[in-house]
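Here are my notes for a first look at this one. Keep the model open beside them and go point by point.

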Amino acid sequence: MSVAMTAVGTAGNLHAGSGNQYIVEMTRAAVEALARDHAGRTPGQVAKDHLLHLLPRFEPPTGYARAHRRLEEEGVVLLDGAPGTGRTATAQVLLRNHAPRRVTFHEIVHDDTRQRLFDPERIGEYDRLLLDLSGAPLTSTQGFEGELSSVLGLLKQRRAALVVILPTSAARGLPSSVAHLAVTITRPPDAEIRVVRRFLRLSGNSERETVPLPASLKQFVDDCHSLDDVAGFARVVSEAVADGTPFDAACDMAVDALRDRSGDAAVLLGTVRDSRTRGLLVASALMEGARSDAVHEAASALHRRAGGEAGPPLVLAARPLSVRFGAIKVEIDAAGRVHFADRGLADALSRQIWRDFPDLRGTLRAWVEEILLLPRLDGPEREALVHRFAAHSLREGHHADLERLSEYWSKSSNPREQRAAVGVLSAALSDRAAAADFRAYLLRRARQETLTRPERQVLVAVCRGDLAVHHPFAAVVRLHHLARREAPGTVAGDALMGLAGEGRRLLRFLLGRLTHSSDEERHRVPDAELFLRCVDSPHVHGGSGAEGRPLAVDPAVRADLATGWAGAFACLDAGRWFPCARGWFDAAARDGDALGLVDVLLDACRGRSSAQGLLYQAALRWAATRPAEDAAASALPGAVLRRVKETHSHRAARARGTSTP
């Protein structure tokens, strides 16, 4: 059977095998589809939805009002506080409330693209910036205060907002130049009860039910849980109450759901000794919520991979599937989906399996590769399986397993496997402990010369999607490497131009890379092609559709533009650079060349008569396409010729050792 996703070329596709054939053309639509979740949301929409979900459920900590005031007055606040006080959520809400129209914030990180934390070139008008130093040792943040002091004026000038999450208790050692920006937040005594009441209100229930407080809620408050656990507790309570469960019983359920079940998981794993039943237990833990027949088929596959006896048992002699599930404390709901009778047991079992069976990890990775294509698994079930496996691998620090898994799936042209490859990398990039390692991994992959078309498509989807949401400069770097290694005008280049077009700072950053990032001969032609696409924009030359001040006004940008055009004149024939030059001529004619665009083009000729002649011919060719009554268009070729002659005159005068009057 042949299943064509997208047709490629006109000569047809040879398929002589018996399996499915997936023909993938790298198009912008295909990449955008890969980056979306099963609900059709882009990573940017997911980030926005997360923030919108957080806002009404956020309980301000003690010190929030002071932090908000400091951010409004200074444009900067340094958050200090103990772990579990909600510093990350507080930072996100502060940035959101400071500029409500801005959808996302950008994270500042130490990575391959910056020599210092606060690069003025990356601080744009009204930017919202987050720097999380909470997990960094105090010694690694030395010098941060000096860097911050140097950009305080710039942040105010550009009306940008910056929230820094400090390492715990670091505020006490800050120098006086920035100490006034620090605010310590703490949890109010009744934070847990307030959060529960917020969740109840949002689910349409009355908070009067919380009076008097049930004994289980009082005990939960006394146990001093993290705010993540508090939110989890409140979520279970509000959902149970919405389903008709009395409030006291809902609190009991929530306490039970948050109970540490590692002991229960260890006992259950130790009790189940039959390999087939243990395989069913492992599959149920990693696939909770999937349909029972899919879990059963996956368990059989795991049994085979783990070296179980060959061949299925006699069908009529086997115990009923419902009985086998019941023996491992798994229930099948009315929709035919499996759930453990004890909430939280699936996660505890998965953790225990990773600890107790280290030799099984490679087998589990291969098993996940195999069962991803089970016909009985639907899209959300596959997505849940991928994210669950990724979460456990990340928690145990097994980054190499996820790298191998993503590479295995990304080599396939099967859209299910490609989506899974994107899912693995997305999960890794959202993990605060692993994100830096996987940003570096994406850079190494983007620089590889031997990537297949499906592999490039996966990398482009991840960079343009999840990475670009909070780390757009890092995404530009990786997309640039990918675009250099593919034909002009294909998907990485499209993604790169789309991202750079979202902000002036990103466009300026890309211009700098295209004109200064490499002296390698093999990159000159692709960089020249990308440069032409980059500068054929009203945001650069000020033509029709420009918003704000064109980049060509900046002297430093003009120097880069001249360098880039020089590369285009040297590497490409006139037919390839003329369409972009035509846009520049249009912009120059529209305002009498107030920006001096023709001067930039002539500077790019570097005094070479051949390049100057081609530029003059291009101006004549452009003018011939304009209406006869367009006086500005008619005059432009003459202006080009006049400036060429002036250049030659100045050069001749210098050669004679004299100067022209």
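1. Start with the fold elements: the protein chain has 31 helices and seven strands. Both are DSSP runs numbered from the N terminus, with at least four residues (H or I) for a helix and at least two (E) for a strand. Bear in mind that this is a predicted model, where local features need pLDDT of at least 70, side-chain atom pairs count only at pLDDT 80 or more, and totals for chains, interfaces and linings use all residues. Residues are numbered from 1 along each chain as its sequence is written, and side-chain values use heavy atoms, with hydrogens and water left out.

2. Next, the overall numbers. Of the 661 residues in the protein chain, 48% are buried (under 20% relative accessible area; exposed is over 50% and partly exposed lies in between, with a 1.4 Å probe and protein chains only). The accessible surface is about 30,500 Å², and carbon and sulfur atoms hold 52% of that; the areas come from the Shrake-Rupley method with a 1.4 Å probe. Among contacts (heavy atoms within 4.5 Å) with a separation of 6 or more, 71% join residues 24 or more positions apart.

3. Now the rings. The whole structure holds nine aromatic pairs, meaning Phe, Tyr or Trp rings (for Trp, the six-membered ring) with centres within 6.5 Å; planes under 30 degrees apart are stacked, over 60 edge-to-face, and the rest tilted. Take Phe-473 and Phe-509: their ring centres are 5.2 Å apart and their planes stand at 85 degrees, so this pair is edge-to-face. Phe-473 belongs to helix H22 (residues 472-484) and Phe-509 to helix H24 (residues 504-516), so the pair ties together parts 36 residues apart in sequence. Both Phe-473 and Phe-509 are buried.

4. Further along, Phe-531, Trp-565, Phe-569, Trp-577 and Trp-584 make up one aromatic cluster. Have a look at Arg-621 too, which sits over the face of Phe-578, 4.0 Å from the ring centre. The rule there is NZ of Lys or CZ of Arg within 6 Å of the ring centre and within 35 degrees of the ring normal.

5. Two or more lining residues come from each of helix H1 (28-35), helix H2 (43-57), H21, H22, helix H23 (491-500), H24 and helix H27 (555-571).

6. Nine of its 10 residues are buried, so H23 is largely enclosed by the rest of the structure. Among the buried ones are Val-491, Asp-494, Met-497 and Leu-499.

7. Arg-159 has a positive phi near 50 degrees without being a glycine; Arg-159 is in the loop between helix H5 (144-157) and strand E4 (161-165). Lys-329, also not a glycine, has a positive phi of about 65 degrees and is in the loop between helix H14 (321-327) and strand E6 (330-332).
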